[in-house]
Amino acid sequence: MGADDEWEQELKEAEDNLNLHVKELGKLKTEYDHNLNKLVESYYPKMKPLKAQVYHSEQVSQLLRKEIEWLKMVLEKCETMGEGNFEEARHMDAERREMLSGAEAMFAQAVESLQGLKKEDLAVMRKYEHPPRLILETMEAVMILRGEETHTWEDVTFLLCDTYFFAFFVSKAKSYDKTSLTDETLEKLKKIVVSPEFEPNIVAEASVPCGAMCQWIRALYEHAQIQRITAAKTRTLIDLHDGLKRAEEGLRAKHDESAGAKQKLEFLEKEFEQRRGDLKDRYDQTMNPLQERFLEAHHHYGETFCSPRRQRYAAGGAG
């Protein structure tokens, strides 16, 4: 066997050895991913309802805190002015506008997000034949706010045309009557907005336009909730004290409910992270030596391929 043949044989052996280590690493990575997915699948169904429960409880608690804040202000002014002289509709107007100002700012920011969208973002959405769930839910909420009866993907695609979206939808979104949301509409929206995944930053990962629309939907929903809390009512001091007591009791109940769900969720999350860490450690014990042998094989192949014998071999072939 000549020197060239020896070099070819050595190069082939180095290449075969390198490919063997690549296959071993690939097999181990596939096995690790499979076992990690099985672990996720065993924990996610347990954690998902708890996350939804905690999220919903916190949303309700936030509204109850606003209601308590409002009732305390009404009570204070009613007691100061005297029950016979106090009119909630007239004497709480400034406080009402102040409490609504946060939701008004949210709405303005949402409109700015819609106005800042690009045609390229809509083009990506229009290409979907089977859109992700978050996109479908966002567009369903948009159709509910528009008063549409049907909410299929085929029904909503016309909104995504460049001309209609920027010339009509965005302008209508900006001038949308925030006081027009009925209880029936809010109830339809509730099943969508109570999801912990229905947040602008999360929805935007699936679709930038839907992230902006989600922001708009949540701003409208928030405004409608606060509008109902601050709506002027004819009530006595006794009514106000009773309402405050109910709200405070409701807040405590939600706190207890959320605390129990949080405790269960934290336990599952801690257990999941522990098992995931154990799984990674076990595979690292095998993976790390394999990676070292792969690097050695790669280095050996590179040295063999770039050896002076290759230059002589190439020169001989050229001759």
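Start with a group of rings: F165, F166, F169, Y176 and W216 are linked into a cluster by ring pairs. Rings of Phe, Tyr and Trp (its six-membered ring) pair if their centres lie within 6.5 Å. By that rule, the count comes to eight aromatic pairs.

Before going on, a word on what you're looking at: this is a predicted model, where local features need pLDDT of at least 70, side-chain atom pairs count only at pLDDT 80 or more, and totals for chains, interfaces and linings use all residues. Residues are numbered from 1 along each chain as its sequence is written, and side-chain values use heavy atoms, with hydrogens and water left out.

Now find helix α3, residues 93-115. Helices here are DSSP runs (H or I, at least four residues), numbered from the N terminus. The 23 residues of α3 reach 31 Å from the first C-alpha to the last, close to the 33 Å expected at 1.5 Å a residue; that expected span is 1.5 Å times one less than the number of residues.

Some of α3 is tucked away: its buried residues include R96, L100 and F107. Buried means under 20% relative accessible area, exposed over 50%, and partly exposed in between (1.4 Å probe, protein chains only).

What about salt bridges? The structure holds 19 of them, each a side-chain nitrogen of Lys or Arg within 4 Å of a carboxyl oxygen of Asp or Glu. D183 forms one with R228, the closest N and O atoms being 2.9 Å apart. D183 lies in helix α8 (residues 183-193) and R228 in helix α10 (residues 208-230), so this pair ties together parts that are 45 residues apart in sequence. Back in R96's neighbourhood of the sequence, salt bridges that share partners join D93, R96 and R97 into one network.

Finally, the cysteines: how many disulfides are there? Counting cysteine sulfur atoms within 2.5 Å, the answer is zero. C161 is in none, since the nearest cysteine sulfur, that of C210, is 15 Å away. The sulfur of C214 is 8.8 Å from its closest cysteine sulfur, in C210, too far for a bond.

Methods
Helix = DSSP H or I, 4+ residues; strand = E, 2+ residues; numbered from the N terminus. Phe/Tyr/Trp six-rings, centres within 6.5 Å; stacked < 30°, edge-to-face > 60°.
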